There are 2 protein chains.
Amino acid sequence: MTTPSEFSLIQHYFEQLTPQRDDVKLGIGDDCALLQCPSDHVLAVSIDTLVEGVHFFANVDVKSLGHKSLAVGLSDLAAMGAKPAWFTLALTLPKVDENWLADFSQGLAELANEHGIQLVGGDTTRGPLTISIQVHGFVKSKLALRRDGAKVADHIYVTGTVGDAGAALQLKLQKDTDRPELVEGWFDKLTMNGKKQTASLNNLDIDYLEQRLQQPTPRVEIGQKLQGLASSAIDISDGLLADLKHILDKSHVGAELDLEKLPLSPVLMKIENETARRLALTSGDDYELCFTISPDNSIKVEQLLAEQCQCIGVINNESGIITTQQHGKRVELKGIGYDHFTV
Amino acid sequence: MTTPSEFSLIQHYFEQLTPQRDDVKLGIGDDCALLQCPSDHVLAVSIDTLVEGVHFFANVDVKSLGHKSLAVGLSDLAAMGAKPAWFTLALTLPKVDENWLADFSQGLAELANEHGIQLVGGDTTRGPLTISIQVHGFVKSKLALRRDGAKVADHIYVTGTVGDAGAALQLKLQKDTDRPELVEGWFDKLTMNGKKQTASLNNLDIDYLEQRLQQPTPRVEIGQKLQGLASSAIDISDGLLADLKHILDKSHVGAELDLEKLPLSPVLMKIENETARRLALTSGDDYELCFTISPDNSIKVEQLLAEQCQCIGVINNESGIITTQQHGKRVELKGIGYDHFTV
């Protein structure tokens, strides 16, 4: 494959940016990297791709894009309870733009250093802007957090708050583009005062939401703390209902969620309640963790994680997800594609 | 990241196509795959991207594309002397086309089965056609074939024949496109009889060249046989001179190549000799191995590999590459970018 030398040189640009680990026997610059896996752990790997115009806007903040490109992979390691070790980067660029590379690599390197994960290899090619990152981490096989272990009566938890990234995306879609993904009227409900709205968002609020969309925080430490405690876990990339549904499918169980317990950020609590709940349940990109804990372990987990997680429901032996409020009163969720989530 | 469900379903399409290995503790369908590395080996990893319109034509044979997408990674494992184990696939598609997926996955699966390598994870997204594959293999750390071990007086070898894929690319560029990459007049030299040409190529010849371009054979077994014997190795993806140059740079040595020893296929021997040599030295995509062997090990390697490799030169303590013919008479290589390869 003939590669312009300027593209080969990019590799050197990234080479020293991330932590230098002792278990990397050979890093960037040969046909393969050579990596030493600890013998008492298994290797956890995940690959994710971000495509311009699909996963991010062309006018995205480039440093944030570097952060997010790695964050989505770290979030997968978190959801497995794995400790980050190495990553590879396949970067397809329309042209070599040094400013772009400087910003992108800075965002990438800052998050990599925070989590002690080293860039060990990659490929840089010319083409439409596309970023694929594979992350590698370690976890003891028996302690890994899988999707298939949820049991009836387990409590369902979610970390942080949900719906923020989705709110930011809706605002950006209306502001930046004329794309039809915008659900009609959401923008008004999110930002404007009026008869149907409860509050308006100020610039600080909007900055907060954008930060949540563009620079998500992978819950890597929480994932590792849940080893041996959580019966199942997943990260919320597609939306709480959709991702919880993956756990239910793999574990052959159902769930009951208490809508009043959904953890909403102070900003999301400012907007119309129905809209906020809809975002919390269905919008993706939050990169929080959803996990299940046996009743016996619940108190321990709540002590361990303090304010970092919220119990939102319970696993049952039904199929699909039912939602309740006001002490168990069943609520139908209309118009948010809930039907898709019934088994 | 909201992913259309049809795209998620593609994962299931690929799930059972490749070998099922015992060291895969958890495969496709969770946040990460969980993989058991052998404790006495290191993990060799490499990621490569193919982009439509850059690395392959839009009218490429799709089954061959599946083969080649994996072959380029297997070739990296071969160049390291590593044994293939697992791969991941990040596939970006403009639309879900079942015929395309059937052909692509068939080409991929056939080569995967041949080498016992299992697909353990992936990501499928919407966007311009882009294929990133990361391969994973095992090699004993001390036996890995690196680029930095070539010593003065080592013999330089190349497997198979070189230049075939480059010839096919030139023919396709002139036939299929009006792209300016075509070096003026190459097509005539490759295909037509006339005063300046020595032979013409028939359809079988052209089929052979296209097969070499579109379905390269990664030299995985040869790479493993070279463990503990080769002092350095690389796979030829950018062209023999360019890739040999990587060995020389990393090993701080020079090389002398005998142009008369370049291994040319019977088809390439039909065309004008200067053109054939130029292709053999500078065109990429052959995915043969170039490696160095100490004089003491040379006889052993030639016995071991029989007709599978050819000695083409020797490592010296100069800088860069010099080329000779007729028993050591130095030859200047004009007009093929040779200057780029002088240190």
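This note sets out points on the domain arrangement and the chain contact in a predicted model.

1. Domains of chain A. The domain assignment divides chain A into domain 1, covering 5–143, and domain 2, made up of 155–163 + 215–341. Between the C-alpha centres of domain 1 and domain 2 of chain A there are 28 Å.

2. Contact between the domains. Domain 1 of chain A contributes 17 residues to this contact, and domain 2 of chain A contributes 17 residues. On the domain 1 side, helix H2 (62–80) and strand E4 (83–93) of chain A are the elements that give two or more residues. H2(A) gives the most to that side, with twelve residues. By class, the domain 1 side of chain A holds nine nonpolar, five polar and three charged residues.

3. Contact between the chains. In the contact between chains, 54 residues of chain B meet 54 residues of chain A. Several elements of chain B each supply at least two residues to the side that touches chain A, among them helix H2 (62–80), strand E3 (42–51) and strand E8 (230–235). E3(B) gives the most to this side, with nine residues. The side of chain B that touches chain A comprises 23 nonpolar, 19 polar and twelve charged residues.

4. Strand E2 of chain A (residues 33–35) is joined to E3(B) by three bridges, and the two strands run antiparallel. Within this pairing, A:Leu34 stands opposite B:Ala44 of E3(B).

Key. Residues numbered from 1 in each chain as written. Chains lettered and ligands numbered in written order. Predicted model: local features only at pLDDT ≥ 70, side-chain atom pairs only at ≥ 80, totals over all residues. Domains from an automatic or database assignment. Contact = placed C-beta atoms within 7 Å. Helix = DSSP H or I, 4+ residues; strand = E, 2+ residues; numbered from the N terminus. Nonpolar A, V, L, I, M, F, W, Y, C, P; charged D, E, K, R; others polar. Pairing = 2+ DSSP bridges.
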